[in-house]
Amino acid sequence: MVAFPAMGWLAPRLGVTRLYTLSLLVAGVTTVVFGMLTYIERPAPFLGWCLTVRAAEAVGTAAAQTAARTIIINQFPRRMNSAMSLVEGMIGAGLCLGPAVGGAMYALGGYGAPFYTLGVLLLATAAASLVLMPTVTDRSTRTTEKGDRGSSYLEMLGLVLATADNWLIFAALLVAAMNWTAMDPSMEPYMHAVLGIQPAELSLFFLGSFAGYALSSPLWGRLSDHINNTFLLVAACLAPTALGVLLIPPSPLLGLRPSRLLLGLGMVLREPFQLGAYLPLLPLMVRRSTARGLRSDVRGQALVSAVFGAAYSLGNVLGPVGGGLVTDRYGYPTLATWLGGVTVFLCVAMALRGAVYHSTRRTAVPYVEI
């Protein structure tokens with residue numbers, strides 16, 4: 001979360017593709033090192049090195065995500081959603097295969113095997129990016145109506161933060177992250193207590209839901225590219241997302257008893273539809289910031305990518321901590337009720353903003369019959 005703004009400043013100065021390659025090198029090396037930490041026998045040094053290495057890996061990850069999103073915005077200005085959907089589809093595939101493949105490698109080679117394998121793959125990807133990654137150049141030379149030629153990084157950041165629509169997007173990112181990171185860590189203890197579900201069985205539910213996530217990604221990408229008013233698309237996806245969140249425990253508001261059917265239905269609804277709400281947010285932030293006056297060059301693209309990543313990471317920080325506190329104090333169904341309620345509220349806000357956006361565009365661009 002802290003590293004994202006710094007990476008947005010660094011990307012255009014170091015070079016976006018160079019930053020992407022270096023970030024993969026950092027992530028690969030730290031992943032390999034993490035697999036070697038088991039040789040540290042004393043608890044205090046082991047914990048200290050774990051935190052240090054994971055923090056270094058997180059900085060590399062922030063750099064990689066900032067650079068990757070900047071490359072997507074730069075190379076696919078008219079098909080951002082489709083390009084993002086391919087990336088998210090690969091993430092979903094990794095989430096499906098990761099536990100099974102990682103578990104098999106752990107069984108065959110011990111604790112270090114998954115880390116060594118993943119680290120080497122990251123280093124190989126870094127080498128491949130040197131050859132295959134395109135050069136990122138400034139595609140925009142025009143000055144916007146409120147052009148920011150010569151603006152400093154802080155001035156550009158202030159412009160992005162002064163865009164009201166971006167705060168609605170920040171809220172959507174925060175809720176999306178918390179719907180995943182607040183609920184998932186506490187799901188296994190709750191489901192084991194009420195339904196007797198073992199971790200291996202629960203992993204099958206995650207496998208199915210992540211498969212839906214990966215398979216639905218291209219559909220959402222193509223749909224988003226063909227819809228101008230993506231506020232309404234986000235709102236339409238948030239409604240079934242909220243229902244899925246409420247069905248998982250289930251929420252006391254529904255008056256239903258916990259069951260495997262409701263758990264599976266809730267997860268199948270939550271994953272694909274939350275992806276449908278999440279995918280259009282980056283292109284939407286780019287459009288709204290550019291309309292406000294941000295130049296659509298590499299500096300602006302990197303800045304938007306960094307702010308986007310920081311907002312989502314904030315949800316990743318608050319989700320596990322807040323979710324754990326609420327679950328311990330009020331119970332897992334109450335946590336789902338609160339998250340579902342916030343998601344419904346955000347759905348209504350997005351729908352209202354979409355209606356206003358539609359109304360203003362009809363007023364600004366009247367229909368002319370030829």
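**Aromatic residues and a buried threonine**

Phe-34, Tyr-111 and Phe-115 make up one aromatic cluster. The model is predicted, so local features need pLDDT of at least 70 and side-chain atom pairs pLDDT 80 or more, while totals for chains, interfaces and linings use all residues. Residues are numbered from 1 along each chain as its sequence is written, and side-chain values use heavy atoms, with hydrogens and water left out.

Over the face of Phe-34 lies Arg-54, 5.3 Å from the ring centre; a charge sits over a ring if NZ of Lys or CZ of Arg is within 6 Å of the ring centre and within 35 degrees of the ring normal. Phe-115 is in contact with Thr-31, contact being heavy atoms within 4.5 Å. Thr-31 belongs to helix 2 (residues 16–36); helices are DSSP runs of H or I with at least four residues, numbered from the N terminus. Thr-31 counts as buried because its relative accessibility is 3%, where buried means under 20% relative accessible area (1.4 Å probe, protein chains only).

The whole structure holds eleven aromatic pairs. Rings of Phe, Tyr and Trp (its six-membered ring) pair if their centres lie within 6.5 Å; planes under 30 degrees apart count as stacked, over 60 as edge-to-face and the rest as tilted. Trp-180 and Tyr-213 are edge-to-face, at 6.0 Å centre to centre and 65° between the planes. Trp-180 lies in helix 7 (residues 164–181) and Tyr-213 in helix 9 (residues 199–225), so this pair ties together parts 33 residues apart in sequence. Both Trp-180 and Tyr-213 are buried.

Key:
Helix = DSSP H or I, 4+ residues; strand = E, 2+ residues; numbered from the N terminus. Buried < 20%, exposed > 50% of the residue type's maximum accessible area, 1.4 Å probe, protein only. Lists of a residue's contacts leave out its neighbours within four places in sequence.
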